[in-house]
Amino acid sequence: METIGIYAQNARDSDRTFPDRSLRRLLQDSEYVRGLVQIVAPDIEVFLDFSRITYQKRSFISKALRERESDVLLSVPFQEDIDATDTDALLIYILIEHQSTVDKTMGFRLLSYMMQIWESQRQEWETEKLPENERRLQPILPILFYTGDRPWTVPVSLTAIMDVPEILKRFVPSFDTLFLGVKATEAEALTQSGHPLGWLLRVLQKEHSDETEISEALADAVSHLVSVDEDFAPQIAEALRYFVQLIFHRRSVDERDALVNIIRQHIQDPKELETMAQTTAEFLIEQGKAEGKQDAVLKLLRLRFQHVPEVLSREISNIHNITRLDTLLEQAMTAQSLDEIDTHFS
């Protein structure tokens, strides 16, 4: 019983960390970063060269904060033909907030992180002994990426947590923050640019909606994604992976097969089907139990080969040895036909 409790706790922990992990994974792709900036600041996006993006270490943030926060820090050079600034690159700091409780201290948090970034740069000046005329702080573009359900109604500013007379407000530090409230943004505004991220976010908007609404959003998104330019192939594959994860982390067990099937119906590329199948298997393996791995093997086979004979299904369901099931999973991922699946291991 204790082991089952541990597995159940691992599954709950996986559900809680899903929003952070999934969006951070997406934003490790420079094209998805471009898509985000394109949605929140199209006037700035055109000046930046996302092909030369570099991801920055977060060592300036204390270990306790790194564990609590989900964020991404990166440097994006300006386009080479842009001569509007003496700064070579812009720092983009993306703070992902998925809690539905609106945090009035957000302005203070963002300013604190930006100050830590600049302090880290100042220390580099001294370490590298830069001449005074070369000591420059990089501008930071802060983006609050909010996926919670509750409307964000407080300003992202220091005055949100201050009782300050009007006459003294000019002494309070102020800065602009780009804000994307996914759930409150009009669906058409998310996809206006045509970037795959917008269609992904339209499905995220419906993560807690009824089955009809999320089914429609999923069908629209996948139908659009599979028809976009081939240049977006890596982003489409990642979006499909995200949809499968969203289904398994956010929807009830009795809805999952139908929702996954919506995705499969729109996919012709075997590689994309393979991505779906492996993502499904990864989730089910997280559950840790033999029953979960049996289910993972069967779902993987059905995704890859559509139909699994009843005899084979029964044989797999009767296997309880974890090592044998792990071997079967590996076979299911690479087999070219059902004939290659050996449940007896003779």
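This is a predicted model: local features need pLDDT of at least 70, side-chain atom pairs count only at pLDDT 80 or more; totals for chains, interfaces and linings use all residues.
Local features here need pLDDT of at least 70 and side-chain atom pairs count only at pLDDT 80 or more, while totals for chains, interfaces and linings use all residues. Residues are numbered from 1 along each chain as its sequence is written, and side-chain values use heavy atoms, with hydrogens and water left out.

**The chain as a whole**

- The protein chain has 14 helices and 5 strands; these are DSSP runs numbered from the N terminus, with helices being H or I of at least four residues and strands being E of at least two.
- Of its 346 residues, 48% count as buried. Buried means under 20% relative accessible area, exposed means over 50%, and partly exposed lies in between (1.4 Å probe, protein chains only).
- Among contacts between residues at least 6 apart in sequence, 65% join residues at least 24 apart.

**The nonpolar cores**

- In soluble globular proteins, nonpolar side chains tend to be buried together. A nonpolar core is a set of buried Ala, Val, Leu, Ile, Met, Phe, Trp, Tyr and Cys residues joined through side-chain atoms within 4.5 Å.
- The largest nonpolar core holds 57 residues, and I92, F145, L201 and F243 touch the most other members.
- Helix 9 (residues 233-250) gives this core its largest share, 9 residues.
- Which residues does F243 contact, leaving aside its neighbours within four places in sequence? They are W199, L200, V203, L218, A221, V222, L225 and I263.
- There is also a second, separate core of 19 residues, which includes Y113, I140, W152 and V164.

- Two packed helices are described by the angle between their axes and the distance between the axes. The axes are lines fitted to C-alpha atoms, for helices over the stretch in contact, and the angles run from 0 to 180 degrees between N-to-C directions.
- Angles under 35 degrees count as roughly parallel, over 145 as roughly antiparallel, 65 to 115 as roughly perpendicular and the rest as oblique.
- Helix 8 and helix 9 have axes that come within 11 Å and cross at roughly 165 degrees, and the two helices are therefore roughly antiparallel to each other.
- On the helix 8 side of this pair are L218, A221, V222 and L225, which meet I236, A239, L240, F243 and I247 in helix 9.
- Helix 7 and helix 9 pack at an angle of about 5 degrees, with their axes 10 Å apart, and are therefore roughly parallel to each other.
- Here P196, W199, L200, V203 and L204 of helix 7 make the contact with Q235, A239, Y242, F243 and L246 of helix 9.

**A closer look at V222**

- V222 is found in helix 8. Is V222 buried or exposed? V222 is buried, with a relative accessible area of 0%.
- Leaving aside neighbours within four places in sequence, V222 is in contact with L240, F243, I263 and H266.
- V222 and H266 are 44 residues apart along the chain, and their C-alpha atoms are separated by 6.6 Å.

**Salt bridges**

- A salt bridge is a side-chain nitrogen of Lys or Arg within 4 Å of a carboxyl oxygen of Asp or Glu. By this rule the count comes to 17 salt bridges.
- R109 and E97 meet through their side chains in one of them (3.3 Å, N to O). This pair links distant parts of the chain, with R109 in helix 5 (residues 106-128) and E97 in strand 3 (residues 89-97), 12 residues apart.
- Both partners are buried: R109 at 10% relative accessibility and E97 with a relative accessible area of 8%.
- E126 and R122 form another salt bridge (2.7 Å, N to O). They are 4 residues apart in helix 5, so about one helical turn separates them.
- E126 is partly exposed at 44% relative accessibility, and R122 is partly exposed with a relative accessible area of 31%.
- R250 and E207 also meet in a salt bridge (3.0 Å, N to O). R250 lies in helix 9 and E207 in the loop between helix 7 (196-204) and helix 8 (211-225), so the pair ties together parts that are 43 residues apart in sequence.
- R250 is partly exposed at 23% relative accessibility, whereas E207 is buried with a relative accessible area of 7%.
- Through salt bridges that share partners, D149, K183, E207 and R250 join into one network.

Technical notes. Contact means heavy atoms within 4.5 Å.
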